[in-house]
Amino acid sequence: MQLLINFVRKSGVYTLAVLVLLFIALVNSLILGSTQLCAWRAVIGYPCPGCGLSHAGIYLFKGQLAESLRWHPLLVPLVITLIIESIPVGVWKFSDKCKNFIWWKLLLLVAFMTLFISRLIMFYPQSPDDGPMHYDKNNYVYKISGIFINRKN
């Protein structure tokens, strides 16, 4: 019974996360005119460490692994980590042991930051079609600053 309760609690958190993402997409669609899921990019327009994960997931789902890795090579380790973290305690011994590997989560965090910084150095700025490392003028700060600054574009 406790396993079922734990699963419902975790699935409730995931459901809430999906609902929040849908709400963000709806608000951004109404205000910015695009369904931008990344709050970071919607607010300031610059890429974040997770930029490219959505595209990578779509390409992975389509079976295009090379294109998925091009958009964000850390999607697969992140998905595996999230799946293992979502398995209730006591269901699978391996997942219980993995949840205690704090070093893995720290390594994943360091990998995300290292990849982000290296992509900024090597690829920023690139066109939106080439990858995730570009500035998006369709953001809140740019729109709000446009009220106070007369731009020609």
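**Helix pair H5 and H7**

I looked up how H5 and H7 are oriented and found them roughly antiparallel to each other. The entry rests on a predicted model. For the angle I noted that the axes of helix H5 (residues 75–86) and helix H7 (residues 102–123) cross at roughly 150°. Angles over 145 degrees count as roughly antiparallel, so the pair is placed in that class. The two axes come within 11 Å. I also checked the hand, and the crossing of H5 and H7 is left-handed. I kept both angle and distance because two packed helices are described by the angle between their axes and the distance between the axes.

**Overall content**

I then went back to the whole chain. The secondary structure comes to 8 helices and 0 strands. Along the sequence I read the pattern as α-α-α-α-α-α-α-α. Of the 153 residues in the protein, 29% are buried.

I looked up Leu 115 next, which sits in helix H7. Leu 115 has a relative accessibility of 17%; buried means under 20%, so Leu 115 counts as buried.

Where does Leu 32 lie? I found Leu 32 in the loop between helix H1 (2–31) and H2. Leu 32 is buried, at 7% relative accessibility.

Tyr 140 belongs to helix H8, which spans 140–148. The relative accessible area of Tyr 140 is 19%, and Tyr 140 is therefore buried. The C-alpha atoms of Tyr 140 and Ile 31 are 8.6 Å apart, although 109 residues separate them along the chain.

**Salt bridge**

How many salt bridges does the structure hold? I found 1. The side chains involved are those of Arg 70 and Glu 67, at 2.9 Å from N to O. Both residues are in helix H4 (residues 65–71), and because they are 3 residues apart there, about one helical turn separates them. I checked the accessibility of each partner. Arg 70 is partly exposed at 41%, and Glu 67 is partly exposed at 24%.

**Cis peptide bond**

I looked up the peptide bond from Tyr 124 to Pro 125 and noted that it is cis, with omega near -10°. I recorded the bond because most peptide bonds are trans. Pro 125 is in the loop between H7 and helix H8.

**Nonpolar surface patch**

Which residues form the nonpolar patch on the surface? I listed Trp 40, Val 43, Ile 44, Tyr 46 and Val 141. Together they have about 440 Å² of accessible area. Helix H2 (residues 39–44) gives the largest share of the patch, 3 residues. Val 43 is placed in helix H2. Val 43 has a relative accessible area of 38% and is partly exposed. A patch residue needs over 30% relative accessible area, so I did not expect Val 43 to be buried for membership.

How values were computed:
Residues numbered from 1 in each chain as written. Predicted model: local features only at pLDDT ≥ 70, side-chain atom pairs only at ≥ 80, totals over all residues. Heavy atoms only, no water. Patch = residues over 30% accessible without salt bridge, like charges linked within 9 Å, V, L, I, M, F, W, Y side chains within 5 Å. Areas by Shrake-Rupley, 256 points an atom, 1.4 Å probe, with all protein chains shown as cover. Salt bridge = Lys/Arg side-chain N within 4 Å of Asp/Glu carboxyl O. Helix = DSSP H or I, 4+ residues; strand = E, 2+ residues; numbered from the N terminus. Buried < 20%, exposed > 50% of the residue type's maximum accessible area, 1.4 Å probe, protein only. Axes fitted to C-alpha atoms, helices over the stretch in contact; angles between N-to-C directions. Parallel < 35°, antiparallel > 145°, perpendicular 65-115°, else oblique. Left-handed = near helix turned anticlockwise from the far one by under 90°.
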